[in-house]
Amino acid sequence: MTATSVARPARGTRRERAAPGLPGGRVRSGTGRLRRERVGYWFILPTVAFFVVFLAYPLIRSFYISLHSWPGFGPEKWVGFRNFSAMFKDQVWRQSLVNTLIFTAATTVITTALAMVVAAVLKAGWRFGVVFRVAIFIPALLSLVVSGTLWGLIYEPSFGILDQFLRSVGLHELSTSWLSNSHTVLPSIIVVSIWQSVGFFMLIFYAGLQDIDPELYEAARIDGASVVSQFRHVTVPMLRTVTSIVVTLNLINGLKTFDVIYVMTGGGPDHASDSLTTYLYSLAFGGQVAGAIPLIGYATAIGVLVLVLAVIIVSAQLAISARRRVTA
Amino acid sequence: MTASEAMILRGPGAYSMERRRASVRHVLVRTLGYVVLTLASVLCAFPLIWVVLTSLRTPDSALGRSFIPTAAEWTAKAYSTAFNSAGILGGLANSAIVTAATIAGILIVATLGGYGFARFNFRGRRTIYITVLSTLMVPAAAVIIPLFLELKIFHLLNSLPGLVLVYLGTSVPFAVVLMRGFFERVPEALGEAARIDGAGEFQTFRLVMVPLVRPALLTLAIFQFVATWNEFLLAETFLRSPGLLTLQPRVYAIVGQYSTNWSLLSASVVISAIPTVILYVVLQRRFVEGLTLGALRG
């Protein structure tokens with residue numbers, strides 16, 4: 001749903017349009033021009049209406065609810081920032097924060113590195129290059145729900161293809177119930193996330209590689225640079241802008257990860273794979289099933305925290321790329 | 001040092017030595033490249049091949065036999081179960097409706113909005129634009145609870161129109177930013193020419209400007225298709241009746257209901273992937289453009 005894009009600050013207001021001299025000797029008057037500019041309000045009206053009703057108001061409401069104790073019905077009770085301070089005493093929240101950080105760090109580093117290396121290798125030109133590219137990209141066409149379902153079958157302990165494979169090559173002791181073992185559950189889900197997204201980011205790097213001047217490689221070759229040092233000293237620096245976009249997208253995706261965890265484990269076993277988002281979801285909506293009172297205020301506070309973290313990530317990326325533009 | 005330099009410095013003998021060493025290294029590098037690519041492709045594609053094979057065998061034989069089904073094990077029964085009793089057809093239909101409505105809506109809203117921000121210099125334009133822009137990265141989790149309450153008040157909870165409205169609202173910032181970018185690249189003179197010919201502002205927009213950005217509309221439609229078709233969190237939260245579930249919550253429900261029927265689960269995975277794969281095959285480069293554009297532009 002939310003757009004996967006990196007916001008770049010808008011360019012300065014477009015220069016005032018000079019009233020053009022019209023044929024027939026008529027020059028448009030200043031008030032006529034203003035009237036024309038005001039038509040713009042009608043064009044942006046639907047945008048603003050949707051924005052206010054489904055984004056701006058819900059965001060404000062989120063901040064409001066997060067400062068209250070509220071079971072979802074009846075009057076809200078003002079508690080200030082106590083929902084936020086309560087998190088630090090909440091064992092499960094701490095666990096899901098740590099899980100989210102591990103998940104985000106691991107998927108970001110591994111996906112970015114793999115995607116960049118594979119794109120660079122692919123760029124060198126190969127017979128059947130298209131076949132490789134399509135094969136690596138195809139998982140990106142699957143939704144995370146579908147990917148999670150598929151890998152749930154792969155990880156199944158008695159019949160899943162992974163444990164079958166491990167047993168068949170004599171590694172019995174390595175086979176385990178991947179998703180119900182609290183030590184293996186998070187890495188197992190991380191693998192699924194990387195598998196699903198690496199092809200997408202590979203294509204982004206691949207597109208970025210097309211913009212690198214081939215003469216840079218030519219020059220490096222003449223200087224006797226090996227393939228590896230060409231990658232290190234030409235490819236990596238030249239891809240810096242694309243890399244920062246890829247890293248930001250991965251950080252945001254990791255931070256808000258929900259689908260794949262919810263589908264594969266529901267956060268279990270015993271919260272070992274809960275992320276901030278799955279935890280807040282179970283607080284707000286899971287309680288309806290269990291018959292517990294939903295902690296809407298507390299859950300919303302966790303949602304606000306996720307938002308704040310996302311804002312920090314995006315601001316950091318914007319600040320870094322702005323500074324780079326200045327020094328470059 | 002390159003081969004030709006070596007020849008100048010050390011004579012022909014050294015040249016051939018150098019060349020042989022260079023070509024050995026070349027072969028090594030190429031081989032390593034093939035190994036890397038083959039490994040990556042196999043790791044990515046193998047689970048998909050496996051799930052297709054598993055979906056085409058009898059349920060009991062799906063549990064741990066040979067990788068390739070034997071002749072007696074082949075069957076398409078899982079697919080008929082998926083369509084007839086597991087409700088995947090309903091999921092496909094609901095997703096098709098929701099996705100089509102969302103794409104149609106976003107094309108209208110974002111073309112109008114993008115044009116408005118790109119071509120008119122009304123008061124407050126910059127402030128409004130930046131406010132909209134600043135919500136590009138808002139995670140659904142941060143607004144899901146207020147959205148739930150809001151839909152409840154409007155009596156739009158557990159309804160497809162309600163879901164479409166939420167999809168539109170949360171997709172608007174990105175789509176408008178994208179369309180504004182496209183409209184800014186259209187030469188201004190074209191609009192002026194239409195106005196001189198007596199066209200009104202809306203006529204200019206509809207008859208001159210929109211046709212000029214038609215490729216951009218396809219790009220936006222593809223992007224929106226993938227985003228909406230694959231969306232799970234909001235659909236799972238706002239839809240309750242089994243008959244209303246879109247594809248992703250439907251698949252999740254099937255996992256819960258038929259957790260031991262492996263061929264059925266595999267068939268559901270395959271069926272869910274097919275529409276996107278078809279779109280990818282048909283549109284190829286445009287599809288990849290639409291998908292990656294979200295990351296590179298904006």
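Biologist: Before we start, when does a residue count as buried here?

Modeller: A residue is buried if 20 or more other C-beta atoms lie within 10 Å of its own. This is a predicted model, and 43% of the 328 residues of chain A count as buried.

Biologist: Thanks! How many helices and strands does chain A have?

Modeller: Chain A has 14 helices and 2 strands.

Biologist: Tell me about α2. How far does it reach from its first C-alpha to its last?

Modeller: Helix α2 of chain A covers residues 40-66, 27 residues in total, and reaches 36 Å. That is close to the 39 Å expected.

Biologist: And where does α2(A) bend?

Modeller: At A:Val52, by about 45 degrees.

Biologist: Switching to the two chains: how many residues are in contact?

Modeller: On chain A, 91 residues are in contact with 87 residues of chain B. Helix α2(A) gives the most to chain A's side, with 17 residues. By class, that side has 66 nonpolar, 15 polar and 10 charged residues.

Biologist: What about the largest nonpolar core, which members touch the most others?

Modeller: Those are A:Met202, A:Phe205 and A:Val306, out of 165 residues in the core. Helix α6 of chain B, residues 160-184, provides the largest share, 15 residues.

Biologist: Where does this core lie in terms of chain B's domains?

Modeller: It lies between domain 1 (1-46) and domain 2 (88-296) of chain B, because both give residues to it.

Biologist: Back to A:Val306, what does it touch?

Modeller: Leaving out residues up to four places away in sequence, A:Val306 touches A:Leu255, A:Lys256, A:Leu276 and A:Thr277, along with B:Pro139, B:Ala141 and B:Ala142.

How values were computed:
Residues numbered from 1 in each chain as written. Chains lettered and ligands numbered in written order. Predicted model: local features only at pLDDT ≥ 70, side-chain atom pairs only at ≥ 80, totals over all residues. Helix = DSSP H or I, 4+ residues; strand = E, 2+ residues; numbered from the N terminus. Expected span 1.5 Å × (residues − 1). Bend = angle between axes of the 7 residues up to and from the residue. Contact = placed C-beta atoms within 7 Å. Nonpolar A, V, L, I, M, F, W, Y, C, P; charged D, E, K, R; others polar. Core = buried A, V, L, I, M, F, W, Y, C linked by C-beta atoms within 7 Å. Buried ≥ 20, exposed ≤ 12 C-beta atoms within 10 Å, placed from the backbone. Domains from an automatic or database assignment.
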